[in-house]
Amino acid sequence: MIMTTLRKEVCGPCKKYINIGQPLLECEICFTAIHTKCYKTAGFSSATGSWTCTQCKDTVELRYNPYSSIDIDKNAFYDVEGAYDDLHIQQISRVLDSCKTITVKEFNQVAT
């Protein structure tokens with residue numbers, strides 16, 4: 001019989017183990033996990049709509065996307081009125097999130 005040891009994640013701010021079933025936050029870039037109650041101490045931020053740690057939040061480019069905060073229930077077992085519109089909103093949100101940032105000079109070159 002092979003026994004494997006379960007390696008638990010340690011919350012950086014409080015230095016305690018993150019146990020199964022405990023609420024946690026995870027940086028969406030580097031996947032660092034912390035207890036939800038420690039997010040202020042850890043400096044986690046959701047300014048861009050994604051939870052990021054202090055090391056990663058400066059690498060995320062701020063973008064204007066008014067649709068990113070709309071939560072669409074993908075697991076609904078019933079027909080949602082306006083679901084067709086939700087698919088369009090998701091597509092628009094993905095386009096806005098993936099837009100290339102350009103300088104004023106580049107914009108003026110394209111516009112002329």
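Biologist: Is Lys15 buried or exposed in this model?

Modeller: In this predicted model, Lys15 is exposed because its relative accessible area is 64%, and a residue counts as exposed when that value is over 50%. Lys15 is found in the segment before strand E1, which spans 24-26.

Biologist: What is phi of Lys15 near?

Modeller: Most residues other than glycine have a negative phi. Phi of Lys15 is near 60 degrees, which is a positive value in a residue that is not glycine. Phe31 is another non-glycine residue with a positive phi, of about 65 degrees. The place of Phe31 is in the loop between E1 and E2, and Phe31 counts as exposed, with a relative accessible area of 51%.

Biologist: In what order do the elements of the chain run?

Modeller: Starting at the N terminus, the order is β-β-α-α-α, which corresponds to two strands and three helices. Of the 112 residues of the chain, 17% count as buried, and the accessible surface comes to about 9,500 Å², with 55% of it belonging to carbon and sulfur atoms. If you look at contacts between residues at least 6 apart in sequence, 33% of them join residues at least 24 apart.

Biologist: Where in the chain is confidence lowest, and where is it highest?

Modeller: Where pLDDT is low, the predicted coordinates should not be read in detail. In this chain the mean is lowest in H2, at 73, and highest in strand E2 (residues 33-35), at 91. The chain as a whole averages a pLDDT of 77, and 80% of the residues score at least 70.

Biologist: Which residues make up the largest nonpolar core?

Modeller: The largest nonpolar core has eleven residues, namely Cys11, Ile18, Leu25, Cys27, Ala33, Ile34, Cys38, Ala42, Phe44, Cys53 and Cys56.

Biologist: Where do Gly43 and Lys57 lie, and how many residues apart are they?

Modeller: Gly43 is found in the loop between H1 and H2, and Lys57 lies in that loop between H1 and H2 as well. The two are 14 residues apart along the chain, and their C-alpha atoms are separated by 9.4 Å. Gly43 counts as buried, at 18% relative accessibility, whereas Lys57 is partly exposed, with a relative accessible area of 34%. With neighbours within four places in sequence set aside, Lys57 is in contact with Gly43, Ser45 and Thr52, while Gly43 touches Thr52, Cys53, Thr54 and Lys57. For Lys57 and Ser45, which are twelve residues apart in sequence, the C-alpha to C-alpha distance is 7.1 Å.

Biologist: What is the count of aromatic pairs?

Modeller: A pair of aromatic rings is described by the distance of the centres and the angle of the planes. Here the count comes to one aromatic pair. The rings of Tyr39 and Trp51 have their centres 5.7 Å apart and their planes at 75 degrees, so the pair is edge-to-face. Because Tyr39 lies in helix H1 and Trp51 in the loop between H1 and H2, the pair ties together parts that are twelve residues apart in sequence. Tyr39 is partly exposed, with a relative accessible area of 31%, and Trp51 also counts as partly exposed, at 28% relative accessibility.

Biologist: Over which ring does the charged end of Lys8 sit?

Modeller: The charged end of Lys8 sits over the ring of Tyr17, at 5.8 Å from the centre of that ring.

Note on methods:
Residues are numbered from 1 along each chain as its sequence is written. This is a predicted model: local features need pLDDT of at least 70, side-chain atom pairs count only at pLDDT 80 or more; totals for chains, interfaces and linings use all residues. Side-chain values use heavy atoms; hydrogens and water are left out. Helices (H or I, at least four residues) and strands (E, at least two) are DSSP runs, numbered from the N terminus. Buried means under 20% relative accessible area, exposed over 50%, partly exposed in between (1.4 Å probe, protein chains only). Contact means heavy atoms within 4.5 Å. Accessible areas come from the Shrake-Rupley method with a 1.4 Å probe; for residues, only the protein chains shown count as cover. A nonpolar core is a set of buried Ala, Val, Leu, Ile, Met, Phe, Trp, Tyr and Cys residues joined through side-chain atoms within 4.5 Å. Rings of Phe, Tyr and Trp (its six-membered ring) pair if their centres lie within 6.5 Å; planes under 30 degrees apart count as stacked, over 60 as edge-to-face and the rest as tilted. A charge sits over a ring if NZ of Lys or CZ of Arg is within 6 Å of the ring centre and within 35 degrees of the ring normal. pLDDT is the predictor's confidence in each residue, from 0 to 100.
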